[in-house]
Amino acid sequence: MNQRRAFTAEAMWLDPGDGPRWMRRPWVELDEAGDITAIGRAAPEPRDDLVPLYDLGAAWVLPGLVNAHSHAFQRGVRGRTERMVPGVQSSFWGWRQAMYDEAGRLEPETLFDVTRACFHEMLRGGITCVGEFHYLHHQHDGQPYDQPNELGYAVAAAAADVGVRLTLLDAYYARSSHEQPPRAEQRRFCDASLDAYLARIDGLRTSLVSERVRVGLAPHSVRAVPKPALATIAEYAADHDLVVHAHVSEQPRENEECLAEHGGSPTSVLADAGLLDRPRRFTAVHAIHTTPADRERLASQHVCACPTTEANLGDGMVAGADLLARGATLCLGSDSNSIIDLVQEARLLEMGERLRLGRRLCLQDAYGHVAPVLVDAMTRGGASSLGWPNLGRLAVGTPFDATVVDREHLTLRDVPDDRVGDALLLAGSSAAIVHVYVAGEQLV
Ligand SMILES: [Zn+2]
């Protein structure tokens, strides 16, 4: 058990009650559970129950970063899909085959190992909470394990071993595409029925949820889930107050197939199914090939951009500035985990807009500043998306989940104090992150 203590640093991104901003030389007091009890300008008075005062020195402290979209096992494909193979089309769909091969190889123990390695790399990069979009459920022939949530438990065990918080976004996957049954390599993703899926979710809700674990629903995509099932999932999520995530319009082909089946876009199908009815309880992952009408439907929801994966796969770039202007909450994901660096994801979100729109400073706040918008996406936006309203900010009553940036790192040296945030977010990387705390406990 921790004891009461207090931290100071050169600067911290704190929310004293009226929104987050950099505060210079603040003091943050924690209780035994690692929750913030006070934020002040002066060191706390010496008291019997508040012993150590920690000075983190030349450090700039951000809230723990929140990675809203990950498929941890795909880290196993890293570096293995970057050469032409005769007879294999170099496209998203060719990459997907390599990913399927990796998924087919995994057993509960090896899934734990690759997930733990992935989550450890996340923690080292300042990520303290991850949304794992988990669709690998069953044995190779599609038969459930004796414990139907065996693989979900393996993911949760990996998160617990590393110390990161987890929202297990348990996926429903029913078919290859419209009127096409699952392919052989997709059988591991598929439950026998929607009822069987929801029974697994009942099991996860009652056995897995804890101080560091949440559960959410993840109808994989409109390609993989028929519309009636989407509606049932929307009702279940509302009944149990769960967040819902889905892949949306990552590739043009997904839109074309959806138009042929439903006569509308994926976003319109999700809206018709009731998945967009509850404000800020749905996250559209990617949402790249969207129309203005689609983006308006997402105005009171989250959109999770995964820019390095989207670039790697040739998906395209999300219309982030337009979504932001409409009121959508942006968040970020490492997705395929070919690179795990949320600072780079944030920078690429803005740079993608610059390339797409042919101008600079696209994701601005009310003062014309970009960095605070990007910090928000990688902290509060992700936390909201994953159902953790208390995370993603450092404020009284929130856990001290924190990412410590070295002000003396060579990428930040000689940058003026009032531009450190700009330099980190728009010209830096997670290499400058040196320490990470979860619930007040130093894990890196
Ligand atoms: Zn994904």
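Helix H12 (residues 371-385) and helix H13 (420-427) pack against each other at an angle of about 65 degrees, with 9 Å between their axes. Helices here are DSSP runs of H or I with at least four residues, strands are DSSP runs of E with at least two, and both are numbered from the N terminus. The axes are lines fitted to C-alpha atoms, for helices over the stretch in contact, and the angles run from 0 to 180 degrees between N-to-C directions. Two packed helices are described by the angle between their axes and the distance between the axes. H12 passes H13 in a left-handed crossing; a crossing bears this name if the near helix is turned anticlockwise from the far one by less than a right angle, and is right-handed if clockwise.

From H12, the contact takes Ala371, Leu374 and Val375, and from H13 it takes Gly421, Asp422, Leu425 and Leu426. Two residues count as being in contact if their C-beta atoms, placed from the backbone, lie within 7 Å. By class, this contact of H12 with H13 has five nonpolar residues, one polar and one charged. The nonpolar class holds Ala, Val, Leu, Ile, Met, Phe, Trp, Tyr, Cys and Pro, the charged class holds Asp, Glu, Lys and Arg, and the others, Gly among them, are polar.

The structure is a predicted model, in which local features need pLDDT of at least 70 and side-chain atom pairs count only at pLDDT 80 or more, while totals for chains, interfaces and linings use all residues. Residues are numbered from 1 along each chain as its sequence is written.

The view may now widen to the whole chain. The protein chain contains 13 helices and 18 strands. Its C-alpha atoms fill a box of roughly 70 × 50 × 45 Å, taken along the principal axes. For 444 residues, a compact globule would have a radius of gyration near 22 Å, and the value for the protein chain, 22 Å, agrees with this. That radius is taken over C-alpha atoms, and the globule rule is 2.2 Å times the number of residues to the power 0.38.

The chain is divided into domain 1 (5-63 + 392-442) and domain 2 (65-385), with bounds that come from an automatic or database domain assignment. The centres of the two domains, taken over C-alpha atoms, are separated by 30 Å. To the contact between them, domain 1 gives 18 residues and domain 2 gives 23 residues. On the side of domain 1 that touches domain 2, strand E7 (59-63), H13 and strand E17 (433-438) each supply at least two residues. The largest share of that side, five residues, comes from H13. By class, the side has nine nonpolar, six polar and three charged residues.

E7 and E17 also belong to an open sheet of six strands, in the order E3-E2-E7-E16-E17-E18, with mixed pairing. Strands of a sheet pair through backbone hydrogen bonds, either parallel or antiparallel. Here, two strands pair if DSSP finds at least two bridges between them. Strand E3 (21-24) and strand E18 (441-442) stand at the edges with a single partner strand each, so one side of each has no neighbour in the sheet.

Within this sheet, E7 and strand E16 (residues 402-406) are antiparallel and pair over five bridges; Pro63 has Ala402 of E16 as its bridge partner. E16 and E17 are likewise antiparallel, over four bridges, and the partner of Val404 in E17 is His435. E17 and E18 run antiparallel and are joined by two bridges, with Tyr437 opposite Gln442 in E18. The hairpin of E17 and E18 has two residues between the strands, and in it Ala439 takes a positive phi near 50 degrees.

A further open sheet has four strands in the order E5-E4-E1-E6, again with mixed pairing. Its edge strands are strand E5 (36-40) and strand E6 (53-55), each of which pairs on one side only. Neighbouring strands of this sheet are turned by 20 degrees against each other on average, direction ignored. Strand E1 (residues 5-8) and strand E4 (residues 27-30) form an antiparallel pair over four bridges, in which Ala6 stands opposite Glu29 in E4.
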